[in-house]
Amino acid sequence: MMATRTLLSKQITAALFRQPACFAHHGDYGNWGNTNVALVFSGCGWWDGTDVHEGVYTMYHLSRNGARFQMFAPNQQQMHVMDHMKKQPSSGENSISDYFWPSYRNLMIESARFSHGQGMTQMQDLSKLDANSYDAVIFPGGHGVTKNLSSFVKDGKDCKLHNDVERVLKDFHRSRKPIGLASMAPLLACRVLPGIEVTMGYERDDNTRWGNWPHTSLVQAVKSMGARHTVREPYEAYVDEKNKVVSTPTFMWETEQHYHYIFDGIGNMVKHVMRMSTK
């Protein structure tokens, strides 16, 4: 009996040591809870807000690398609601969801869809974001960047940013704290931080059997804003060490199935943001 108990005790101990991540996680760039990151969302959905994959992948990689994060979004109405099947503004016709939830939606409420049972604890008004309370800020991409966080969809390279978006970018930059940007989000930083270096993927639409680059006009726009652009693959990140700006193309590249490249791109961006936040 004693021999059996001893054997079981050794097996349990061995199992515990084989699975340290279940009890104490150490990420690639620090210990759990040492880095506090602000995430800025623009709604929920690629065509009218924050892309769901980019938002979720960002939270996953922050967690995996030992960071705490707080979610923010502007407390205002979004530009419009898109029918993601038809890829056009929702008409409200023949739609039960539009009948009960009309085609005007609040950005903070929509962005709270990224929360998991936390409600207001996880999603806060962007006006409350204070750069002094965080080590870094990350903006996932999606068309909400061009519609809700800026007037880019109307004004192009001469767009204006949401007041709090501009304030947050300038405050983090002034404080020498890293800024992470995915897919379309670099245009926000390029508009108010002169001379930064970013990537938004390819500068022309080179179609391949793996995917294509349909948003290259945005690349030309950021270059006209005075930014330096560097070509990168969707799974890569580009680091502007001088300005502490990290960008990744992600869904500037359009693919039907190869989402793991997007996952890896977000992961590389998060790791560099974490690395620079510890300096």
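Colleague: Contact means heavy atoms within 4.5 Å. Among contacts in the chain between residues at least 6 apart in sequence, what percentage joins residues at least 24 apart?

Modeller: This is a predicted model, where local features need pLDDT of at least 70, side-chain atom pairs count only at pLDDT 80 or more, and totals for chains, interfaces and linings use all residues. Residues are numbered from 1 along each chain as its sequence is written, and side-chain values use heavy atoms, with hydrogens and water left out. For residues at least 6 apart in sequence, the share of contacts joining residues at least 24 apart is 75%.

Colleague: How many helices and strands are in the chain?

Modeller: Both come from DSSP runs, numbered from the N terminus: helices are H or I with at least four residues, strands are E with at least two. The chain has 10 helices and 13 strands.

Colleague: What percentage of the 279 residues is buried?

Modeller: Buried means under 20% relative accessible area, exposed means over 50%, and partly exposed is in between, with a 1.4 Å probe and protein chains only. The accessible surface of the chain comes to about 14,000 Å² (Shrake-Rupley method, 1.4 Å probe; for residues, only the protein chains shown count as cover). Carbon and sulfur atoms hold 51% of that surface. Of the 279 residues, the buried part is 52%.

Colleague: Which residues touch the most other members of the largest nonpolar core?

Modeller: A nonpolar core is a set of buried Ala, Val, Leu, Ile, Met, Phe, Trp, Tyr and Cys residues joined through side-chain atoms within 4.5 Å. In soluble globular proteins, nonpolar side chains tend to be buried together. The largest core here has 69 residues, and those touching the most other members are F139, L169, L188 and M269.

Colleague: Which helix gives the largest share of this core?

Modeller: That helix spans residues 259–277. It supplies 7 residues, and its name is α10.

Colleague: What does L188 contact, leaving aside its neighbours within four places in sequence?

Modeller: L188 is among the residues that touch the most other core members. Beyond its sequence neighbours, L188 contacts F139, V145, L149, S150, L161, V165 and L169.

Colleague: Which residues of strand β8 are buried on each side?

Modeller: In a regular strand the side chains alternate between the two faces of the sheet. Strand β8 covers residues 136–139, and both its faces are covered. One side has A136 and I138; the other has V137 and F139.

Colleague: In β8, what is the bridge partner of V37?

Modeller: Two strands pair if DSSP finds at least two bridges between them. β8 pairs in the parallel sense with strand β3 (residues 35–40), over 3 bridges. 3 bridges also join β8 to β9 (residues 179–182), again in parallel, where I138 stands opposite G180. The β8 partner of V37 is A136.

Colleague: Why is β3 largely enclosed by the rest of the structure, and how many of its residues are buried?

Modeller: Both faces of β3 are covered, with T35, V37 and L39 on one side and N36, A38 and V40 on the other. β3 is largely enclosed because the buried count is 6 of 6 residues.

Colleague: Which residue of β4 does A38 stand opposite?

Modeller: β3 and β4 run parallel and are joined by 6 bridges. The residue asked for lies in strand β4, residues 67–73. A38 stands opposite Q70.

Colleague: Is Q70 buried or exposed?

Modeller: A polar atom of the Q70 side chain lies 2.6 Å from the backbone oxygen of Q122. The relative accessible area of Q70 is 15%, so Q70 counts as buried.

Colleague: What does M71 contact, leaving aside its neighbours within four places in sequence?

Modeller: M71 lies in strand β4. Its relative accessibility is 1%, so M71 counts as buried. Its contacts are L39, F41, M59, S111, F114, S115, Q122, M123 and Q124.

Colleague: How many disulfides does the structure hold?

Modeller: C159 is buried at 2% relative accessible area, and C190 is buried at 3%. A disulfide is a pair of cysteine sulfur atoms within 2.5 Å. The number of disulfides is 0.

Methods:
Polar contact = N/O pair within 3.5 Å; in protein donor to acceptor, adjacent residues only side chain to side chain.
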